[in-house]
4 protein chains.
Amino acid sequence: MNETSYKLAERLVPTTYLHQASESRTAREKLIRILMEQHKCPEEGWDDASIELFLNDLALMDSNNFPHNCGVGEREARIYSGLVSKRHYRLGHGIGRSGDIAEVQPKAAGSSLMNKLTNCMVLDLIRATGVRKTAACLVVPLATGMSMVLCLLTVRQQRPGAKYVIWPRIDQKSCFKAIITAGFEPVVIENCLDGDELRTDVAEIDRQITALKPESIAAVMTTTSCFAPRGIDKLEDVARLCSRYGVPHIINNAYGVQSTKCMHHIQEAARVGRVDAFVQSTDKNFMVPVGGAVIAGFDSAFIQQVGKMYPGRASGSPVVDLFITLLSMGIRGHKKLLEDRKALKSLLTQRMEGVAEKYGLRVLNTKNNPISIAMTLPENMNIPLTELGSRLFLRGVSGTRVIRTSDDKMIAGTRFIGWGSHSKSYPYAYLTAAASIGMTEEDVDLFIQRLDKCLEKFTGTKNTKETYGSENDV
Amino acid sequence: MNETSYKLAERLVPTTYLHQASESRTAREKLIRILMEQHKCPEEGWDDASIELFLNDLALMDSNNFPHNCGVGEREARIYSGLVSKRHYRLGHGIGRSGDIAEVQPKAAGSSLMNKLTNCMVLDLIRATGVRKTAACLVVPLATGMSMVLCLLTVRQQRPGAKYVIWPRIDQKSCFKAIITAGFEPVVIENCLDGDELRTDVAEIDRQITALKPESIAAVMTTTSCFAPRGIDKLEDVARLCSRYGVPHIINNAYGVQSTKCMHHIQEAARVGRVDAFVQSTDKNFMVPVGGAVIAGFDSAFIQQVGKMYPGRASGSPVVDLFITLLSMGIRGHKKLLEDRKALKSLLTQRMEGVAEKYGLRVLNTKNNPISIAMTLPENMNIPLTELGSRLFLRGVSGTRVIRTSDDKMIAGTRFIGWGSHSKSYPYAYLTAAASIGMTEEDVDLFIQRLDKCLEKFTGTKNTKETYGSENDV
Amino acid sequence: MNETSYKLAERLVPTTYLHQASESRTAREKLIRILMEQHKCPEEGWDDASIELFLNDLALMDSNNFPHNCGVGEREARIYSGLVSKRHYRLGHGIGRSGDIAEVQPKAAGSSLMNKLTNCMVLDLIRATGVRKTAACLVVPLATGMSMVLCLLTVRQQRPGAKYVIWPRIDQKSCFKAIITAGFEPVVIENCLDGDELRTDVAEIDRQITALKPESIAAVMTTTSCFAPRGIDKLEDVARLCSRYGVPHIINNAYGVQSTKCMHHIQEAARVGRVDAFVQSTDKNFMVPVGGAVIAGFDSAFIQQVGKMYPGRASGSPVVDLFITLLSMGIRGHKKLLEDRKALKSLLTQRMEGVAEKYGLRVLNTKNNPISIAMTLPENMNIPLTELGSRLFLRGVSGTRVIRTSDDKMIAGTRFIGWGSHSKSYPYAYLTAAASIGMTEEDVDLFIQRLDKCLEKFTGTKNTKETYGSENDV
Amino acid sequence: MNETSYKLAERLVPTTYLHQASESRTAREKLIRILMEQHKCPEEGWDDASIELFLNDLALMDSNNFPHNCGVGEREARIYSGLVSKRHYRLGHGIGRSGDIAEVQPKAAGSSLMNKLTNCMVLDLIRATGVRKTAACLVVPLATGMSMVLCLLTVRQQRPGAKYVIWPRIDQKSCFKAIITAGFEPVVIENCLDGDELRTDVAEIDRQITALKPESIAAVMTTTSCFAPRGIDKLEDVARLCSRYGVPHIINNAYGVQSTKCMHHIQEAARVGRVDAFVQSTDKNFMVPVGGAVIAGFDSAFIQQVGKMYPGRASGSPVVDLFITLLSMGIRGHKKLLEDRKALKSLLTQRMEGVAEKYGLRVLNTKNNPISIAMTLPENMNIPLTELGSRLFLRGVSGTRVIRTSDDKMIAGTRFIGWGSHSKSYPYAYLTAAASIGMTEEDVDLFIQRLDKCLEKFTGTKNTKETYGSENDV
């Protein structure tokens, strides 16, 4: 309803009643205007009604929703199923154009606008969370692994002679595979043991760059967020090396936006040395379904280059999710989630220490890992440790990992000794748990209860009869 | 409601009334059972109620929807916004695992099942549409361009020495850029003029393979669906060459599933020669929002390889769209859409011939293009041809292209003379229109009316005054 | 998005692309403006996107959706469940005020506006469908029966001495019960047999009015739409009597809006005599869920009186349904539905005649019933006729009625001989079927097939063995 | 998915992963089974996914959703608009049958089941909230006023000679009008002043019953929840009178379910005397949109009688709302809301006392009103008191009432002196505010701030200039 219609409404509803409605409408329009003016994530989250109204407004700006459109092209965003149309708020054109995923689409002004605004809001949030120097970012409908591939393929264009990616070991398949998929050869840098913690072997990276020659190195790929007892990589030291040797540096910040510590180190690394891009998952950091990532960097030109590297259009669905979520959350809501998470990390650590003590175990000292916690495990001659993991899983505990340190694995021709532990020879078997964004105190309580129960049975503190009983229980 | 609950319902509602409800429920469960048994797209489409019920059922199989789940991992599919959760039917885990996009997820049995079933249904449909020999397919949350990249990156692993991709010219940016993004050097094969039509220069492909050596060729990349006056590539001839030289052959079948002709040629090519993969967009062929593609092939191992090449998880959203749409459409619904499209292609051609005649123009004779139609354009000394395109666009006609044949364009270091026309020297300026899936007779009517009106003004059949008037009109 | 925001959008999306979006927006705003100006059902239906956008707009005009509202009353339209809020488009205040169901609510300008507009659109549609003289109407969240009660209670205020309601018999419980509920004594007028058809005994009505004295008569209550072989009441004759004696006349037009014949007779009756109100169901005439009715009349004052008779607020849900449906349908869509229905009535009659002939039966000649069709039934010594009805029901035929003419029923102290047949002594047993709005040709086909099959088994045309087999079949 | 389909799923997803999904499914089915077994509101609320799944299940039990239904009746629940169908979860048949609103429908086993279960859950909740003796209840799609009419019409059938309804004055239009609409003559009993509080004049009721004769009295209609300074009626005393004289007693408990005090007095009244029915609004007590009420009583036969009095079907929409809400809330959620409300009542009183003190005013002492609070108002020669109300309203405060005690009003022939104050001569002007269910602490804060600000300006504590400024502010 525009002004004229409001005026006409007075013939049916008294002006005084309409007055407030009109004020309320103005207040909502102001929200939109401020967003359009400032291109920032709102300080206070919007209510769902305002968000949906805005989305509907945007959808009506796309050609497939024009009342008198007639489409004679090969792609007209016609949607067969009403269910599908509805769940996409009638947005059908996706994002990007054939040449560039960040470009606007002539047929889809609304989708394009949403895409731009989302990128702006994410940039604002990343800056607010600690990486103040961030120059640009790009939300892509790819998860972290494929986003790393895209960054590496972009690097390839600029360094046609490069063959290697230097990679401080982290035992998570997709980042390693990203190197392979992009057509490079990984140079695995084993981690050093520092107390209980596994840290970056900076000297070895230096040695490898020198040995292989900087020009043959496509990039060094470091990692922030990871499972304990590995710590965040020594980003600043690596950034200095990359700067010195002129080698690109790409940071896998998969779920690091939720930790101000990770963000702080990225900011510092960019200050003292070279960081070309840092990549983060949208689902792990912003509580949306799997499927998007944010590629951010300190040089707009590089991020633009990444956008241009993506051939053709792409799904707008992860952008819609993020758009809704950031508007709903607001800067304040996001901050609150981060604070809550931090507090739960402390609580979880403390509660795990309680359980550990009960069974003569201990929580590993990993002060450089702000999210994940590892606890040593008991031995039981008769039952393999993996059984403990399954039991937790079957009791509805998801996300723990039981690591035996004795597994080996071949991935794309590379052999990883001690797979899962980020190390060839980590001294203890352990279990990890993480305090990630959106966790609740109830999650901690339930986990500790179930962990205690499982350990009790596993260590046989209870008599045999009850252990038998446990089988049914599982 | 299970049997027990149905039984209990008899205490509130007479058995006789429940009888039919129960039969209806059985009928719906049978639909699901048959799908689970046969792994085929249903012959008759399902109603929305059944589809949503099934989706809800599947969602409840994922850990994030377990009533007593406690999540202590770094990715627990917690969804912040209710709007987002709703639009994904509470599915949050996406598809795939770190190692393989086709793999099932332990935490997400429901999402995994949906993904598998969707792949099965698409395979069934592709076979039913004419490529009966198809061995496997993979629905990926990437549009066509990026899917081509994925195929090429897979090929790279198998042919480490390969440097070139041979590519019969088609003036559409994203497929060309896919070659660049994948890190290969494109070898552009200019098309031959055959009557009005542009066709594959098979002899030149042969020459290039020989000259560059087969082992240095990553693949030949052909195209089926394209804008007239280019025709579908001579797939069978190219397939024979690829077979003879042992060179991979990848077909860009972007919107070809909607044409039995395209599908027939792919089937034939695979019968007489080599086809490694053919790639099609989900939005253009199945009327879903942009964002997915189907990578299909005649050797399951290759398709599996492609799946393994994708590092990490990915958005499940395009799969959800396809899942809903195929269940809703059924084989019969899809067939109907194809028949309607074919009939509209005839109608559109005929109507365009009518307009052409009126203005002394003609529809180009392009019998090898089953979807797109090209019509020559008049000349007007005072107004550039592009203006004609804008006018159509401003009148709500989307999807036409006005081609002047005089444009040049540099893309990633390659210069394309006559950009847009698939040729260095196409003899006529022209305009294209396509009869694509989901088009209606009303679209044809509106287009013809508006085209007529625009041509009338453009050719000045009407007097000057009225032409002036047209400005306001736009 | 208002003008300012559109202007600001140009910083992110090129003006040319926004141009069309803006035109499209203007087109939609024009739809709303015209509705607000003319207060008429749109000629062409709106698309769902426009409807939802408008509904969201309206919802934001209600106080419960004001961003900074603080509620300290006893009724603040707070909605507990997000599911419930969503399904009501966040409208919570219902319609009406304590004094009058048609009054606007200070807290709910949006809901009030929607209510007013709906009433206007329905009035327009009723006029367009044939009752051109209609002065006012009121959509109430009551089904037909309770709406009749409301009318009768209104009449009671004006005729405190009245005790009786004269009612030409129609065997449908709720209209009879409405008389009782309203506290009146029904005077049942048996129908006359005219050929196969049952028609109003106008002379007997005249006699009763005279005998009981006009001032003791609250109203005569006639019926249009009913099951054959009863025809529409002789509205004009009754209206003349009511006019002559000064007795109110209320017409139960339950599902008569779908028939121009019913509407025509109402218009004529009002022209030649007295009609105080005619009442129609929203579900049966406009294809919405059960729950609303339209009370219409030729004197605005009476309709206003009815609105004031309703004490307190009421559910806005039936109004929302009608609002959406009328906007979606448009005058043209409604007309189309009526034409289709009329054509299907002919088809259904013809097909039933076909079946009748096959079994030596006949379709009753009831030319004054434009919706329902009756067909005589065979006799079978061994199986009661009701069994035939059950069989049809169990085969998924809903809505047929098998009438034996031999049932008796006591309702609220009145004994109805031949209950179900509108007559004490209808000569044949029969089955009815109706061609009502929204029916499809497929419905007719399925019905005829199943009717044929059931009759075949019932009449034993087939041999015994197969008849036995039929038990399983059911 | 039934067992067979789960089994078949193992061909696509490993059994171990399905195991948990299956357990989760069992857990949900158990929720349904328990509901079907116990017919009670669940102790713990269900999640939205479970609720929607159940609703979808129920919808599929209705004939309009049968896959092979063919409808040839006059009412087949065909729904025109997809938006409408969706918002009703595809339930179209409403509730009730022509004879009885509580009866099950042959065509709609699912809707019928939902209706029955909702009635059971509400009964359970009413008992749990304090009226343990409640024998039966009926959820009707009518707001409180019309529900009172229905009760009175039921009474009329049993007491054909009755003419009067005795009614302790409460200044709220709809309950008074209900008496008129039902065709009775109201006998208004003025309240007595007891300290600040207005209480029932029991002796006068006694006098009136005797004077008019018990058999001419249709019912005494008392009220629990009301605006201060009126207190809850002396239910026990009135119940004793009604028992003694054999006069029906109907209690208007509009928003009293949210107060254990109201519920306690109803229970006590039924214990010591006569209560035929007590009526409560669904929106005010259960936080659903306006449109439903619960008619409850201590004698199942009477409640059944009320159900039978409702002629014809009715909207199922309010039942759907309540069904969803009660499942979502659970007994525990409801209890929590009541406790929170009670605490906020204390807070609100205390904060209002703070404001009152500041301006030399006082909060009236009304200990028999558990929900509403009244505070005296200052005098200002230049500005009428009503202006104060408008100012609060324009500042987004909804629900307060400013009462001058000097208004007169004629309603349906009865003159109310001091309208709005429940009294002919209440000594003070005052303002009311209520602490009702769903209120938040933020509401209290905002209200107090705004009240303070308005009083500040109204009393002119601030200098003239600022008062001027305030005009713009409003």
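Student: How many residue pairs are in polar contact between chain C and chain D?

Tutor: The count is 38 residue pairs, both residues at pLDDT 80 or more, where a polar contact is a pair of N or O atoms within 3.5 Å; within protein, one must be able to donate a hydrogen and the other to accept it, and residues adjacent in sequence count only if both atoms are side-chain atoms. This is a predicted model, in which local features need pLDDT of at least 70 and side-chain atom pairs count only at pLDDT 80 or more, while totals for chains, interfaces and linings use all residues. Residues are numbered from 1 along each chain as its sequence is written, chains are lettered from A in the order in which they are written, and side-chain values use heavy atoms, with hydrogens and water left out.

Student: Which element gives the most to that side of chain C?

Tutor: Helix 13 (residues 317-358) of chain C does, with 9 residues touching chain D; helices here are DSSP runs of H or I with at least four residues, and strands are runs of E with at least two, numbered from the N terminus. By class, that side of chain C has 43 nonpolar, 30 polar and 18 charged residues, with Ala, Val, Leu, Ile, Met, Phe, Trp, Tyr, Cys and Pro counted as nonpolar, Asp, Glu, Lys and Arg as charged, and the others, Gly among them, as polar.

Student: How many salt bridges cross from chain C to chain D?

Tutor: The rule finds 4, a salt bridge being a side-chain nitrogen of Lys or Arg within 4 Å of a carboxyl oxygen of Asp or Glu. In one of them, C:Arg87 meets D:Asp321 with N to O at 2.9 Å.

Student: And what area do chain C and chain D bury?

Tutor: About 7500 Å² between them, 61% of it on carbon and sulfur atoms, taking buried area as the accessible area (1.4 Å probe) that two parts lose on being put together, summed over both.

Student: Switching to chain A: what rotation puts chain C on it?

Tutor: A rotation of 180 degrees with 0.0 Å of shift along its axis superposes chain C on chain A, with RMSD 0.0 Å, using least squares on the C-alpha atoms of residues with pLDDT of at least 70 in both. That is the relation of a two-fold axis, and the C-alpha of chain C nearest the axis is that of C:Leu53, at 3.3 Å.

Student: How many residues are in contact there?

Tutor: In chain C, 48 residues are in contact with 48 residues of chain A, contact meaning heavy atoms within 4.5 Å. In chain C, C:Met1, C:Leu12 and C:Tyr17 lose the most area to chain A, together 16% of what that side buries.
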